[in-house]
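Hi,

Here is the structure we talked about, with its sequence. Have a look around first, then read my notes below.

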Amino acid sequence: MEKLDLLKIIGKNVKTARENKSMSQVDLVGKMEGNIDTTNISRIESGRTNPTIYTLFRIATALDVTLEELVSIEQQ
């Protein structure tokens, strides 16, 4: 699997989890601890950036999902 493919899968997982919670990107940023903006969330969801594991952990916590759900490649 290529790096870009993996980033797109993770981004899709983040977006799906966010939409399943009926949250906008702004809502997600508001629930996250630490500095992050909607531009970063947009880049993560589109697979254009490589988020740190800590950022993914913060996203998972804000969405009340497991980190494993966000990084799962089995859901595809």
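What follows is a short tour of the helices, the core and a few residues.

First, some ground rules: this is a predicted model, in which local features need pLDDT of at least 70 and side-chain atom pairs count only at pLDDT 80 or more, while totals for chains, interfaces and linings use all residues. Residues are numbered from 1 along each chain as its sequence is written, and side-chain values use heavy atoms, with hydrogens and water left out.

Let's start with helix H1 (3-20). Helices here are DSSP runs of H or I with at least four residues, numbered from the N terminus. H1 has 18 residues and reaches 26 Å from its first C-alpha to its last, close to the 26 Å expected at 1.5 Å a residue (the expected span is 1.5 Å times one less than the number of residues). Its buried residues are Leu7, Ile9, Ile10, Gly11, Asn13, Val14, Ala17 and Arg18. "Buried" means under 20% relative accessible area, "exposed" means over 50%, and "partly exposed" is in between (1.4 Å probe, protein chains only). The cover over those buried residues includes H2, H3, H4 and H5.

Now for the core. A nonpolar core is a set of buried Ala, Val, Leu, Ile, Met, Phe, Trp, Tyr and Cys residues joined through side-chain atoms within 4.5 Å. The largest one has 17 residues, and Val14, Leu28, Met32, Ile41, Ile59, Leu63 and Leu70 touch the most other members. H1, helix H2 (25-31), H3 and H4 each give two or more residues to this core, and H4 provides the largest share, five residues. In soluble globular proteins, nonpolar side chains tend to be buried together.

Next, a pair of threonines. Thr52 lies in the loop between helix H3 (38-45) and helix H4 (53-63), and Thr55 is in H4. Their side chains are joined by a polar contact of 3.0 Å. That term means a pair of N or O atoms within 3.5 Å; within protein, one must be able to donate a hydrogen and the other to accept it, and residues adjacent in sequence count only if both atoms are side-chain atoms. Thr52 counts as partly exposed because its relative accessibility is 46%, whereas Thr55 is buried, at 13%. Not counting residues up to four places away in sequence, Thr55 touches Met32, Ile36 and Ile44.

H4 also carries the one aromatic pair in the structure. Tyr54 and Phe57 are stacked, with 6.5 Å centre to centre and 25 degrees between the planes. Rings of Phe, Tyr and Trp (its six-membered ring) pair if their centres lie within 6.5 Å; planes under 30 degrees apart count as stacked, over 60 as edge-to-face and the rest as tilted. The two are three residues apart in the helix, so about one helical turn separates them. Phe57 is partly exposed, at 43%.

Ser22 counts as exposed at 64%, and Asp64 is exposed at 63%. Most residues other than glycine have a negative phi.

Cheers

Notes:
Contact = heavy atoms within 4.5 Å.
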